[in-house]
Amino acid sequence: AVTAACLAAFDLLEQEPERIERLWSNTRYYKEQLRSNGFDTGVSETPITPIMVGEARTAHEFSTALFENGLWATGIGFPTVPKGRARIRTIVSAAHSQSELDQAVEILTRVARKLGILPAAR
């Protein structure tokens, strides 16, 4: 069943290459929006975009607050990543609209400011 699902996914990608183009377009847009709002997105070159926050406790508090505000993003800390390199893990897909990405960035920014992860708006 897993093999059949993988083969079906490859067939879909071959038939609809615009999905891959849209995925990368969404990824670039999302990362640019995060960076322009002051987030450190690390060095990821994939649609999986980390938001670096430092301490594991901060990552888990941020993750919980994001969920309470309608956005699911996993906090990852030591021992999964080195001490002091905790992060929120986010990912976009080809199915996301620009409006949805903007909404996610708005929630991330608002919650990060409230928690002191980003400086307050001027």
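Let me begin with Ile 107, which is found in helix 4, and which in this predicted model is buried, with a relative accessible area of 6%. That value falls under 20%, so Ile 107 counts as buried. If we set aside residues up to four places away in sequence, Ile 107 touches Leu 66, Asn 69 and Leu 71. It is worth looking also at Glu 68, because although Ile 107 and Glu 68 are 39 residues apart along the chain, their C-alpha atoms are separated by 10 Å.

Helix 3 runs over residues 56-68, so to speak a stretch of 13 residues, and it reaches 18 Å from its first C-alpha to its last, close to the 18 Å expected at 1.5 Å a residue. Within helix 3, the buried residues are Ala 59, Phe 62, Ser 63, Ala 65 and Leu 66, and these pack against strand 1, strand 2, strand 3 and helix 4. Just after helix 3 ends, we come to Gly 70, which takes a positive phi of about 90°.

Helix 2, residues 18-36, can be described in a similar way: its 19 residues should span 27 Å at 1.5 Å a residue, and its end C-alpha atoms are 27 Å apart, which agrees. Here the buried residues are Asn 26, Thr 27, Tyr 29, Tyr 30, Lys 31 and Leu 34, and they pack against strand 1, strand 3 and helix 4. Just after helix 2 there is again a glycine, Gly 38, with a positive phi of about 100°.

Next, let me turn to charged side chains. How many salt bridges does a search of the whole structure find? It finds two. In one of them Glu 61 pairs with Arg 57, with the closest N and O atoms 3.0 Å apart, and both residues lie in helix 3, four residues apart, about one turn of the helix. Glu 61 is partly exposed, with a relative accessible area of 40%, whereas Arg 57 is exposed, at 66%; the cut-off for exposed is over 50%, which is why the two residues fall into separate classes. In the other salt bridge Arg 110 pairs with Glu 106, the closest N and O atoms being 2.8 Å apart, and these two lie in helix 4, also four residues apart, about one turn of the helix. Arg 110 is partly exposed at 38% relative accessible area, and Glu 106 likewise counts as partly exposed, at 39%.

Against this background, consider Arg 87, which lies in strand 3. Is Arg 87 buried or exposed? Arg 87 is buried, yet has no salt bridge, and the nearest side chain of opposite charge, Asp 40, is 9.0 Å away. What we do find is the backbone oxygen of Arg 85, which lies 2.8 Å from a polar atom of the Arg 87 side chain. Leaving aside its neighbours within four places in sequence, Arg 87 is in contact with several residues, including Pro 50, Ile 51, Met 52, Ala 59 and Ile 76.

Finally, two places in the loops. Gly 42 sits in the loop between helix 2 and strand 1 and, at 27% relative accessibility, counts as partly exposed.

Key: Residues numbered from 1 in each chain as written. Predicted model: local features only at pLDDT ≥ 70, side-chain atom pairs only at ≥ 80, totals over all residues. Heavy atoms only, no water. Buried < 20%, exposed > 50% of the residue type's maximum accessible area, 1.4 Å probe, protein only. Contact = heavy atoms within 4.5 Å. Lys, Arg positive; Asp, Glu negative; His and termini not counted. Salt bridge = Lys/Arg side-chain N within 4 Å of Asp/Glu carboxyl O. Polar contact = N/O pair within 3.5 Å; in protein donor to acceptor, adjacent residues only side chain to side chain.
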